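Subject: Structure handover

Hello,

Here is the structure I promised you. Please open it first, then read my notes below.

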Amino acid sequence: MYSQLSFRGLAGASVYKTLRAGVAYQVDKPFKLYKLSVGPDSKVDITKEDALRYYKQMVVIRRMENLLANLYKNQEMRGFCHLYAGQEACGVGMKAAMKDNDAMITSYRCHGWAFLQGLSPYKIIAELIGCATGPSRGKGGSMHIYGVNFYGGNGIVGAQVPIGVGVALSMKYANTGGICMTLYGDGAANQGQTHESFNLAKVLNLPVVFVCENNKFAMGTADFRGSGSVDYYTRGSFLPGLWVDGMDVLAVREATRFAKAHIFANKGPIVMELETYRYYGHSMSDPGTSYRTRDDIQAVRNERDPITKFKDRLVTLKIATEEELNKIQKDVKKNLDDDVKKARGDPHPKLDELATDVYQKPYQKQVRGMSPFTPLDHKSIGKAIVQHLKIK
């Protein structure tokens with residue numbers, strides 16, 4: 001089923017090995033292990049085709065997030081907006097190891113994942129500026145985007161973790177052969193429901209990878225000031241854990257492959273910490289410079305940026321030329337600029353959609369409006385969540 005991996009079920013032995021093909025690539029920072037006798041291989045291989053795909057995906061996410069930041073500043077976007085810029089290697093690396101029958105769920109920082117899970121940048125931009133052409137017909141906005149096997153961004157800190165466990169339970173029950181990547185941040189690592197979810201997943205031996213995207217500052221507090229332990233990969237206590245350099249796309253890919261192999265060897269769920277960094281504030285309403293300096297942010301951009309770092313490595317290893325990579329950037333910029341122009345011309349949902357698709361199968365024809373005495377007629381359009389989740 002998984003051509004990249006082969007499995008060995010012997011106790012204490014490596015649960016996977018990478019099938020070699022392509023150019024050798026050395027992961028910079030070693031993996032850290034918790035309750036694991038062996039970990040992922042630090043020497044990985046990559047083909048040119050994969051390298052260019054990963055690079056393009058990261059460039060698309062970065063460009064899309066920067067455009068969304070401008071749209072927000074221009075007040076073309078309302079509500080909250082949480083950006084993934086700086087964390088691209090996390091999403092792209094995990095996605096590189098996922099299959100079509102794998103699922104994922106994340107927090108409100110979800111635009112990049114919406115793209116990786118199959119939604120076009122145009123659709124995402126349309127949703128965020130409130131257009132009826134968006135995947136939720138412009139009514140979900142930044143934190144409520146869904147797709148096939150993508151259970152969306154979730155606006156409550158840590159709320160997605162037990163939902164991810166529920167998704168994994170359904171996958172095990174239906175014997176889909178997939179796993180659920182359940183993402184949360186360093187702030188959500190301190191939530192009670194996160195640890196309750198660890199427990200239930202272990203008891204039921206569920207196919208779930210708990211992924212802490214540690215971008216160091218939660219909502220606005222440095223991790224060491226708000227956490228008794230910042231070794232988030234050990235926080236599962238009875239679950240094995242793995243620390244990964246979240247700024248290295250291939251380190252993330254290799255760690256995700258390892259985590260999946262661990263599950264398929266019937267060893268249960270696993271915790272994976274990706275140490276990363278966000279360039280913007282917690283949301284667009286947070287300037288992001290009251291708890292860190294602009295120099296701090298610039299230092300990460302200069303020394304650890306996941307896109308620049310990967311680009312330099314590809315050129316050094318002669319996997320791709322600088323001209324090829326620059327062309328990808330240029331093409332992505334043009335395509336996304338065109339997507340913004342197109343989305344700006346799209347219609348917004350009409351007022352009579354206010355009470356549409358509140359329920360999939362409504363038992364009552366009316367939905368309570370501003371008061372119990374001003375009900376609204378429920379209508380089913382079925383073009384929002386239904387068409388993307390393939391609900392029957």
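The buried residues of α5 are covered by elements including β6 (103-105), β7 (180-185), α6 (192-203) and β8 (208-214). Contact here means heavy atoms within 4.5 Å. Helices (H or I, at least four residues) and strands (E, at least two) are DSSP runs, numbered from the N terminus.

This is a predicted model: local features need pLDDT of at least 70, side-chain atom pairs count only at pLDDT 80 or more, and totals for chains, interfaces and linings use all residues. Residues are numbered from 1 along each chain as its sequence is written, and side-chain values use heavy atoms, without hydrogens and water.

Which residues of α5 are buried? They are Q160, V161, G164, V165, V167, A168 and M171. Buried means under 20% relative accessible area, exposed over 50%, and partly exposed in between (1.4 Å probe, protein chains only). Seen down the axis of α5, the buried residues fall within an arc of 160 degrees, so they line one face of the helix. The arc is taken from the directions from the helix axis to the C-beta atoms. On the other side of α5, Y173 and A174 are exposed. N175 follows α5, and its phi is positive, near 55 degrees.

Now the other helix pair. Helix α1 (residues 48-73) and helix α8 (residues 249-267) pack at about 110 degrees, with axes 11 Å apart. Axes are lines fitted to C-alpha atoms, for helices over the stretch in contact, and angles run from 0 to 180 degrees between N-to-C directions. D50, Y54 and M58 of α1 meet V249, L250 and R253 of α8.

Best wishes
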